[in-house]
Amino acid sequence: MKINKRSEGSMLTIYIEGRLDTSTSPELSKELDSSLEGVTQLVFDFTLLEYISSSGLRVLLAAQKAMNGKGTMIVKNVSELVMEVFEITGFTDILTIE
Amino acid sequence: MTESRFAAGTKRSQQTTIVMLALVLILGTVGALTVANKIVKPVERMTNRIYEISGTDLVFEMEDIYRTNDEIEVLAESFATLSTRTRNYIDQITKITAEKERIGAELELATKIQADMLPNIFPPFPDRSEIDIYAAMTPAKEVGGDFYDFFLLDDDHLGLVMADVSGKGVPAALFMMMSKILVSNYAAMSGSPAKVLEQVNAQICKNNDEEMFVTVWFGVLEISSGKITAANAGHEYPIIKKSDGSFELFKDKHGFVIGGMDGMRYKEYELTLEKGGTLFLYTDGVAEATNNDNELFGTDRMLDALNQDSEADPKTLLSNMKDSVDKFVGEAPQFDDLTMLAVKLL
């Protein structure tokens, strides 16, 4: 998995490439812990995300909770496979997916 | 006269030569002994010590005999450092090995405790000839976060649970144990699946700083009519087979995972299990089993595996599925827990 970040003022875009699973999600979690300070608009770009497991969902949930009350979080360019996971797990109800 | 003078001179020379020779000899011996003391003795001592420590003792310490102010002293010092380091490493490895063995033994016991938590005697209700159930959980590590459960709520109602905790290993297992108990306890109090999931969610959200969550499918089967009332908290679609049909995905309504957000509401729905029909529940470890090319097993392959002998009893269905998954995965390691449950109405 590769994580790329682009920061523009208080907007942070995170691009994730590869698989977000039990072995890679702690890295994303750490990355978020250290970079959400002052961010009011968090965007996840999942164009290159191949797979997401429940551990990855957990990190997204934590990010959503961290952003609740201090700004917005948007998930965009979700592939069909990842979208199916969001639908099955009910994450479509709590995430803003574009 | 001349001759006697010559003789006397020769004698003096002879004496001088002898004295000089004697001096050289004495000096040489003294010199050799000094060098021997300085070089040979420390080296000899070192060799003996090294020979001795090759056993169990392993202590080579600096001694005065090696303080020769030259290469020997350097060599001895290096040996002493090496010996101390080696002993430290051995001590550490001994400690680590003991710790590893302890953890291994504890995990082995934990595996057994976890397996014992799930109903694992089949047939579970020998006197109920109208239902045939089989279930299995294969954790990817020693312990897992998946669980299945089934229990009679009364003579005519059978509770069925399939669940999957986020993550794997010990953290998931701890969360799994709690979730399993909460679901069965609330189920015993209220027969409404949606209400049970709401109560479990409220309870789990109270103390969940680690943001763990669990996906749960919970259904209550009315044995006499085959009517199933169910609710789905973010879990995989159930698979159902009508009496004369083939296995198909049942795309049910999905609520959010349990433990994710406080105050979640779940919707209940109904489906019918016909006589001769089978309900198959599973976790994503089955659907997302991955081969060496990073391909997922997927629900289409699952349906194929079930339909190769769709009239089979639950135990055979599970074994067909396991074989298919194993064949697909090949040499790739089992990455997620693999859990399945099938119930057939006879």
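Predicted model: local features only at pLDDT ≥ 70, side-chain atom pairs only at ≥ 80, totals over all residues.
**Group meeting: a sheet, some helix pairs and a contact between two chains**

Let me start with chain B, where five strands form an open sheet in the order E2-E3-E4-E5-E8, with antiparallel pairing. Strand E2 (146–154) and strand E8 (268–272) of chain B stand at the edges with a single partner strand each, so one side of each has no neighbour in the sheet. On average, and ignoring direction, neighbouring strands here are turned by 20° against each other.

Residues are numbered from 1 along each chain as its sequence is written, and chains are lettered from A and ligands numbered from 1 in the order in which they are written.

Axes are lines fitted to C-alpha atoms, for helices over the stretch in contact, and angles run from 0 to 180 degrees between N-to-C directions.

Back in the sheet, strand E5 (residues 227–233) of chain B is joined to E8(B) by five bridges, and the two run antiparallel; Thr229(B) stands opposite Glu270(B) in E8(B). Helix H3 (residues 169–189) of chain B packs on this sheet, where it touches E2, strand E3 (157–165) and strand E4 (214–222) of chain B, and its direction makes about 15° with that of E2(B). Contact here is between residues whose C-beta atoms, placed from the backbone, lie within 7 Å.

Which helix does H3(B) pack with at an angle of about 135°? The partner is helix H4 (residues 193–206) of chain B, and the axes are 9 Å apart. That angle makes H3(B) oblique to H4(B), because angles under 35 degrees count as roughly parallel, over 145 as roughly antiparallel, 65 to 115 as roughly perpendicular and the rest as oblique. On the H3(B) side, Ser179(B), Leu182(B), Val183(B), Tyr186(B) and Ala187(B) meet residues of H4(B), including Val196(B) and Ile204(B). The residues of this contact divide into seven nonpolar, three polar and no charged, where Ala, Val, Leu, Ile, Met, Phe, Trp, Tyr, Cys and Pro count as nonpolar, Asp, Glu, Lys and Arg as charged, and the others, Gly among them, as polar.

Further along chain B, helix H6 (residues 298–307) and helix H7 (residues 314–329) have axes that come within 8 Å and cross at roughly 135°, so H6(B) is likewise oblique to H7(B).

Turning to chain A, strand E2 (residues 11–20) runs parallel to strand E3 (residues 41–45), with five bridges between them, and Ile14(A) has Phe44(A) as its bridge partner in E3(A). E3(A) is also joined by five bridges to strand E5 (residues 72–76) of chain A, again running parallel, and there the bridge partner of Phe44(A) is Val75(A).

Finally, how many residues does each chain bring to the contact? Chain A brings 13 residues and chain B 15 residues. Helix H2 (54–67) and helix H3 (80–88) of chain A each supply at least two residues of the side of chain A that touches chain B, and H2(A) gives the most, with six residues. That side of chain A has five nonpolar, five polar and three charged residues.

How values were computed. Pairing = 2+ DSSP bridges. Helix = DSSP H or I, 4+ residues; strand = E, 2+ residues; numbered from the N terminus. Contact = placed C-beta atoms within 7 Å.
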